[in-house]
Amino acid sequence: MAYKTKSDHELRQHFEMLQGVEHHKNELILVKTCPIVPRFKPIKELLSRVDKLDESYQQMALDHQRETQFNREGQLRERKLQDELRKLKAFMNRDPFVLVLIDGDGMIFEDDLLRKGELGGKEAAAGLWNGIKDHVHNRLPDIPSDCRIMARIYANMKGLSEVCWRAGLVEKAGLVEEFYRGFTGSKILFDFVDVGPGKDRADEKINELFRLHLGNFHCQHIFFGCSHDNGYARLLEQYTEPMITDRITLLEGVPFEKELYAMKAKYSTTKIENLFRSTKINLYNQPLYHASQSLQQHPIQVSAHDSMSPPIPNGYQSPYQPIIGTSTPSPAPSNPSTMNPKAPTWASAATSAVQIVSPPATPTPSLSSLAVSTEIPRNRLGQRIDPPTVYDKEEVDRVRKMKLCNVHFLRGDCGYDPCTHSHSKKLSKSEMAALKTVARMVPCRQGSACDDPKCMYGHR
């Protein structure tokens, strides 16, 4: 059997084909370090791309690791800040309280409470506490239920005691001091502060305490007892934002004065029944029996001017009535007994006049002084009226802040030594006119029956 063999030409073609296949195989498996001729360039480019991709991968891996670490640190920092915020909120909500600020010279408690002395003070403190607690519960639901109540009353103790005694509200002046002693002792956070004599001392302290606690985050609300004094309108008109006015409630005793009444729409108001007096004190429409009873125990010698009215403590200004007499006092005799042989002292004079309901319009014993002056304008009913005036409100407000002595500049007979108001300034005509307007804003103690031609107060 014979085998058929390929020709040399076919064998050569087959060899060249196998050699080409082997060449392509070598190009695929050849490494860069292989000492082969530079014709193997495509494989080098491929390996270079692999190296670049590997480098990019390593960089992305580092970036991912850094981002992971940053996110982890951010989460830890956020958790820490949330813990601090939670602690801060807990601290801010700790010991919440509401503040009750009262001007005690005008917001005076009911007569029956004052007469009970220390016991009445305790009852007044309980009534105030219950009234504020009910208001907070019913009308201020956002305030915590465990909120405490802090009360501060500022007044001139000596002056207030004397005024209450002279008006017949209490049998003796010491009952008022006992009353506020009971008020202060009944509650830990209830205090009465005696500011002493001097005008605006209570106002200044109350204003500063009001501003201080208005920005105190522990103080949830302020109850402001100031309905008797227009001066507090200057303080309240500084705050108009609802976020602030919503934190203030005006506490009413006597009806709100004109300027405060106009501001009622901006503030919440409340009135605790049967706690504060709703009428002003009238010092000169009370029987004199309480004065005679007191002065029989402590007789004093007084001048003719003082013989018909008990003294007002030096430096005290009643929030409702002027304390200066409506006429110039006559010179005092060297011996008080020469005025009335049967009344050698003011006490016996007051005893003999016990049936008099109110002192005469002019404190002199002469009946002729009671005659109505023809220079005083009156209406057809015989009531004194004030002529209309035109004034500049800004000028009046400016003069009011100068703290001038009305009696010195308008009457020339100031009886205070020393006087707490200025006597030394030189006033222009416009300032004198404004001062007359300021004085007329104070109601006269004699009202429409006033017979003093020099009276500078208002007669309504």
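## Strands β2 and β3

Strand β2 (residues 148-155) is joined to β3 by five bridges, and the two run parallel. The model described here is predicted. Y154 stands opposite V193 in β3. Helix α6 (residues 174-186) lies across both β2 and β3. The helix runs at about 140 degrees to β3.

## The sheet

The β2-β3 pair belongs to an open sheet of six strands. Their order is β3-β2-β1-β4-β5-β6, and the pairing is parallel. β3 (190-194) and β6 stand at the edges. Each has a single partner strand, so one side of each is left without a neighbour in the sheet. Neighbouring strands of this sheet are turned against each other by 20 degrees on average, direction ignored.

## The chain as a whole

The chain has 15 helices and six strands. Of its 460 residues, 38% are buried. Contacts between residues at least 6 apart in sequence are counted next: 75% of them join residues at least 24 apart. The accessible surface comes to about 28,100 Å². Carbon and sulfur atoms account for 54% of that surface.

## Nonpolar cores

In soluble globular proteins, nonpolar side chains tend to be buried together. Here the largest nonpolar core has 41 residues. Those with the most contacts inside it are V100, F109, L128, I132, Y180 and F183. Several elements each supply at least two residues of this core: β1 (97-103), α3 (111-115), α4 (118-139), β2, α5 (157-166), α6 and β3.

Which residues does F109 contact, leaving aside its neighbours within four places in sequence? They are L114, A124, I153, F179, Y180, F183, L275, F276 and R277. Two of these, Y180 and F183, are also listed among the core residues with the most contacts.

## Salt bridges within helices

Side chains of opposite charge can pair when their charged atoms come close. A search of the whole structure finds 16 salt bridges. One of them joins E208 to R211, with the closest N and O atoms 3.0 Å apart. Both residues lie in helix α7 (residues 201-214). They are three residues apart, about one turn of the helix. R211 has 33% relative accessibility and counts as partly exposed.

R398 and E395 also meet in a salt bridge, at 2.8 Å from N to O. Both lie in helix α13 (residues 393-400). They are three residues apart, so about one helical turn separates them. E395 counts as buried, because its relative accessibility is 18% and the limit for buried is under 20%.

## Salt bridges between loops, and a network

The side chains of E257 and K280 form a salt bridge of 3.0 Å, N to O. This pair links distant parts of the chain, 23 residues apart. E257 sits in the loop between β5 (248-251) and α10 (258-262). K280 sits in the loop between β6 (268-270) and α11 (289-297). With a relative accessible area of 38%, K280 is partly exposed.

Salt bridges also link R234, E237 and E259 in a network.

Notes
Residues are numbered from 1 along each chain as its sequence is written. This is a predicted model: local features need pLDDT of at least 70, side-chain atom pairs count only at pLDDT 80 or more; totals for chains, interfaces and linings use all residues. Side-chain values use heavy atoms; hydrogens and water are left out. Helices (H or I, at least four residues) and strands (E, at least two) are DSSP runs, numbered from the N terminus. Buried means under 20% relative accessible area, exposed over 50%, partly exposed in between (1.4 Å probe, protein chains only). Contact means heavy atoms within 4.5 Å. Accessible areas come from the Shrake-Rupley method with a 1.4 Å probe; for residues, only the protein chains shown count as cover. A salt bridge is a side-chain nitrogen of Lys or Arg within 4 Å of a carboxyl oxygen of Asp or Glu. Two strands pair if DSSP finds at least two bridges between them. Axes are lines fitted to C-alpha atoms, for helices over the stretch in contact, and angles run from 0 to 180 degrees between N-to-C directions. A nonpolar core is a set of buried Ala, Val, Leu, Ile, Met, Phe, Trp, Tyr and Cys residues joined through side-chain atoms within 4.5 Å.
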